[in-house]
Amino acid sequence: MIVTSLSELVRPDRYPRSSRYDPAWLLGLDMGPHPLWLLEDLAGGLELRPGMRILDLGSGKGATSVFLAREYGAEVVAADWWIAAEEAAAVFAEAGVGDRVEAVRAEAHALPFEEASFDAIVSVDAFEYFGTADTYLPYLVRFLRPGGQLGVATPALTREVRELGAIPPHIREVVGWEAMAWHTAEWWRFQWEITGLVDVTSARLQPDAWRDWLLWARAGAGYRAAGRDADAGPDNGAGAGADGDRAVIDMLTADRGAYLSFALVTARRR
Ligand SMILES: C[S@@+](CC[C@H](N)C(=O)[O-])C[C@H]1O[C@@H](n2cnc3c(N)ncnc32)[C@H](O)[C@@H]1O
């Protein structure tokens, strides 16, 4: 198996802000593709300013919340369902942003927040688990102030499964039926615009997303094979650890961007 060295994850030309973060620290919090590369690219379509109150929805082990606090001077609420608030809070304290990032255990359909209480909601590699129902955007936008921004980075296919008639076999083998939630950028644009509740400001597929994902997956495989975090790894049907790593790498290598990408979608509440 080809393994990426940690130094290859430092790419200031492409991801200047993310390059300031220790790759080993990031791999210790790994739950999928590189969260900061996705967020840095997504944030290019958002106006994030110091003092903004941002909800990081599906924040996992917290790398993206640390990034939002440090890079944009935001007050962040890190909400996640699988990861205990205490575990995320320890990450924030150690990263020196414990005073600006609050960890909350919350299910995305039962958010314990006041209406219109956020300037922005950001979600990286999580929306596909809970955000595809017709009813979800209308539910979520109530937590944004008028004019507030929504930014989502989510795994995507270059064509709708419905159009293809089936999930491509190399993706189905690893992701199973969950790939049904990996929609095109244009699907998201229509899904959100049609509500009349937001203006979609951008909806695009990340060029060469599969290459970024593969680079990261290979680095994670090497990191875990060296025994530094044997149980962690990508969240997919193939499971964690070496088998999960190999399955993701094989899927991306077989695909080479034919179907697999990431959608970056931004909008403003009307
Ligand atoms: C693949 S992980 C990504 C975590 C993090 N954003 C990152 O990029 O490292 C997906 C996250 O979505 C969260 N999630 C899934 N379903 C959820 C739900 N119904 N409500 C809240 N969070 C959910 C999980 O708890 C998990 O941490």
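Predicted model: local features only at pLDDT ≥ 70, side-chain atom pairs only at ≥ 80, totals over all residues.
Which residue has a backbone N or O atom that lies 2.7 Å from a nitrogen atom of the ligand? The residue is Gly 58. Good morning.

Asp 80 places a polar side-chain atom 2.7 Å from an oxygen atom of the ligand. Trp 82 contributes through its backbone: an N or O atom there lies 2.9 Å from a ligand oxygen atom. How much of the ligand does the protein bury? On its own, the ligand would expose 590 Å², and 96% of that area is buried by the protein.

The shell consists of 16 residues, and the closest are Gly 58, Asp 80, Glu 107, Ala 108 and Val 124. Sorted by class, ten residues of this shell are nonpolar, three are polar and three are charged. The ligand takes up the space of the largest pocket.

I now move to helix H3, which spans residues 63-72. Is this helix mostly covered or mostly open? It is mostly covered, since nine of its ten residues are buried. Among those buried residues are Val 66, Phe 67 and Leu 68, and the list also includes Glu 71 and Tyr 72. After H3 comes Gly 73, which has a positive phi, near 65°.

Ala 116 sits in the loop that joins strand E3, residues 101-105, to strand E4, residues 118-124. Its relative accessible area is 39%, and therefore Ala 116 counts as partly exposed, as that class lies between 20% and 50%.

The second example is Asp 125, whose phi is near 50°. Asp 125 belongs to the loop between E4 and helix H5, the latter being residues 127-130. Is Asp 125 buried or exposed? Asp 125 has a relative accessible area of 17%, so it counts as buried, the limit being under 20%.

Val 175 is part of H8, which covers residues 169-175. With a relative accessible area of 11%, Val 175 is buried. Along the chain, Val 175 and Met 251 are 76 residues apart, yet 9.4 Å separates their C-alpha atoms.

His 183 is located in the loop between H8 and helix H9, residues 185-193. His 183 is buried because its relative accessible area is 9%. Which residue has its backbone oxygen 3.4 Å from a polar side-chain atom of His 183? That residue is Met 180.

Finally, please look at strand E6, residues 198-205, where Asp 199 is found. Asp 199 is partly exposed, at 35% relative accessibility. Asp 199 and Asp 245 are 46 residues apart along the chain, and their C-alpha atoms are separated by 38 Å.

Thank you for your attention.

Key: Residues numbered from 1 in each chain as written. Heavy atoms only, no water. Near = heavy atom within 4 Å. Polar contact = N/O pair within 3.5 Å; in protein donor to acceptor, adjacent residues only side chain to side chain. Areas by Shrake-Rupley, 256 points an atom, 1.4 Å probe, with all protein chains shown as cover. 1 Å grid on protein atoms, 1.4 Å probe; cavity = no way out; pocket = protein on both sides within 12 Å on 5 of 7 lines; lining within 4 Å. Sits in = over half its atoms within 2 Å of the grid points. Nonpolar A, V, L, I, M, F, W, Y, C, P; charged D, E, K, R; others polar. Helix = DSSP H or I, 4+ residues; strand = E, 2+ residues; numbered from the N terminus. Buried < 20%, exposed > 50% of the residue type's maximum accessible area, 1.4 Å probe, protein only.
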